[in-house]
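Visitor: I would like to go through this structure with you. Could we begin with contacts between charged side chains?

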Amino acid sequence: MSRAALRAPFPPDRRGVAAFPVPAGASHRAAGTARSGGASRAVTRTISDDPLGGTVRRTVLPSGLRVLTEAIPAMRSVSFGIWVAVGSRDETGPQAGAAHFLEHLLFKGTNKRSALDISSGIEAVGGETNAFTTKEYTCYYARVLDEDLPLAIDVMCDLVADSVLDPADVETERGVILEEIAMHDDEPGDEVHDLFARAVYGDHPLGRLISGTEETVTPMTRRQIQGFYRRRYTAPQIVIAAAGNLDHAAVVKLVRQALRGTPLDTDPASPAPHRSSTPAVRTKPATTLVEPKETEQAHVILGCPGIDRLDDRRFALGVLNNVLGGGMSSRLFQEIREQRGLAYSVYSYASQYADSGLFAVYAGCAPGKVDEVLELTRAELARVAADGLTEAEVARGKGMSKGSFVLGLEDTGSRMSRLAKGELLYGDLMPVDELLSRVDAVTVADVNALAAELLGRPMSLAVVGPFGRDDFSTR
């Protein structure tokens, strides 16, 4: 789970094509049961009957919790996910790491199940469960055979809604998380991305580690985590998504049964709106951060603030990213790796948040080649900013965006993720045909205008490797 799970199937890969886009207690549970009682009506509508996908339906429960499904009869499996609109950016400084800590703890036991019951119940039917925490949301998911979906719904709803957070488990998982943080420190290729986020965002929550640090995790108490859990994990903040061979009405019925009598069985409420894009996050002036470390490779990221995820230019950004550093045919890969052999890994990527974004280039190379790699990268960025891309390059970049998106819909996990992100992050689910049309509508002028603006910005630099902190002050 957690940082390792950030590399699970559902979160966007940095290297890939840019993505489109009450206090706790028995009295609370009892009151929730009495008020809702199963009598309130849910509101259901069909979102789409997409020829490139299945039938998508959406139900809003009286509590404000949303359930979305995509029925794909040809599949024999179902991916089921519970997505909470809470991530590391929702923490205060002393709470840093609370969302991630909680993600671990919810698998440790509920009022009905032990940790072993949770894991063995799903594994006994050949299924799998996992979770991951990001800066803006947390996801808990299971993938099972279609016939075992009722079990998956009951287990996953139970652990998210009614975990006990036993004090002994808090101490056990604290040790696990501290080991995870130490492991991360031994992976400079990952560490440099966090260093770059800090270079751009500074002390803003988007600049902090998702896992927290040893200094914040060590003193964190069960009471703090419990308070974060009950304040943040509320029904209006939750989206449940499932894709595969399923029946929507049956899924809704099973979810309501699984949540009855839990802290998520509450008074009627409206779903929480998606995060606002205003005001925009204030970023730091371009800066250089170096983390001295005796590594065989130097890891560098050069980049700048980008655009937020609701910006209409995100489709042009996807095309620009593909051509610049999104694949083996990209300009940076061809120039730095194929022609000069200076690095094994080099790519560009875009990260987009509700109110901000990043655009950056990563390279891993021998320490003695850093200067040449940075010089070539800066030259390529300047060239694209000044001269733009050709019509042929833009056509190729559009093809990559469309192909990557459609091919990504080949499994139930990707489809489930698409449903949840559309609802949670965008407030809507864009039909596949419309999304492809939006990519097709991107023009050479759109891409080049964005390139001139974006790549002309002052660049921040993050470096992890065998250097001094001031070695790059004049580079």
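Visitor: How many salt bridges does a search of the whole structure find?
Guide: The search finds 26 salt bridges. Please bear in mind that this is a predicted model.

Visitor: Which residue meets Arg 76 in a salt bridge?
Guide: Asp 146 does; the side chains of Asp 146 and Arg 76 come to 3.0 Å, N to O. The pair links distant parts of the chain, 70 residues apart. Asp 146 lies in the loop between strand S6 (138-145) and helix H5 (149-161), and Arg 76 lies in the loop between S3 and S4.

Visitor: Is Asp 146 buried or exposed?
Guide: Asp 146 has a relative accessible area of 13%, so it is buried. Arg 76, at 53% relative accessibility, counts as exposed.

Visitor: What does Arg 113 form a salt bridge with?
Guide: Its partner is Asp 158, and the closest N and O atoms are 2.8 Å apart. Here too the pair links distant parts of the chain: Arg 113 is in the loop between helix H3 (98-105) and helix H4 (115-123), whereas Asp 158 is in helix H5, 45 residues apart.

Visitor: And why does Arg 113 count as buried?
Guide: Arg 113 is buried because its relative accessible area is 15%, where the cut-off is under 20%. Asp 158 is buried as well, with a relative accessible area of 4%.

Visitor: Which residues do salt bridges with shared partners join into one network?
Guide: The network consists of Arg 89, Glu 136, Arg 309 and Asp 355.

Visitor: Back to helix H14 for a moment. What does Glu 393 touch, not counting residues up to four places away in sequence?
Guide: Glu 393 touches Val 323 and Arg 331. Glu 393 is found in helix H14 and is buried, with a relative accessible area of 12%.

Visitor: Val 323 is in H11. How many residues of H11 are buried?
Guide: Twelve of its twelve residues are buried. Among them are Arg 314, Phe 315, Asn 321, Asn 322 and Val 323. Helix H11 (residues 314-325) reaches 16 Å from its first C-alpha to its last, close to the 16 Å expected at 1.5 Å a residue.

Visitor: What about the span of H15?
Guide: Helix H15 (residues 412-426) has 15 residues, so at 1.5 Å a residue it should span 21 Å; its end C-alpha atoms are 20 Å apart, which agrees. H15 is mostly covered, with 14 of its 15 residues buried.

Visitor: Which residue caps the N-terminal end of H15?
Guide: The cap is Asp 411, which places a side-chain oxygen 3.0 Å from the backbone nitrogen of Gly 413. Just after H15, Gly 427 takes a positive phi of about 75°.

Visitor: And where is Ile 72?
Guide: Ile 72 sits in the loop between strand S3 (66-71) and strand S4 (77-84). At 11% relative accessibility, Ile 72 counts as buried. Leaving aside neighbours within four places in sequence, Ile 72 is in contact with Ala 243, Gly 244, Asn 245 and Arg 415.

Visitor: How many residues apart in sequence are Ile 72 and Ala 243?
Guide: They are 171 residues apart in sequence, and 6.9 Å apart in space, C-alpha to C-alpha.

Note on methods: Residues are numbered from 1 along each chain as its sequence is written. This is a predicted model: local features need pLDDT of at least 70, side-chain atom pairs count only at pLDDT 80 or more; totals for chains, interfaces and linings use all residues. Side-chain values use heavy atoms; hydrogens and water are left out. Helices (H or I, at least four residues) and strands (E, at least two) are DSSP runs, numbered from the N terminus. The expected span of a helix is 1.5 Å times one less than its number of residues. Buried means under 20% relative accessible area, exposed over 50%, partly exposed in between (1.4 Å probe, protein chains only). A polar contact is a pair of N or O atoms within 3.5 Å; within protein, one must be able to donate a hydrogen and the other to accept it, and residues adjacent in sequence count only if both atoms are side-chain atoms. Contact means heavy atoms within 4.5 Å. A salt bridge is a side-chain nitrogen of Lys or Arg within 4 Å of a carboxyl oxygen of Asp or Glu.
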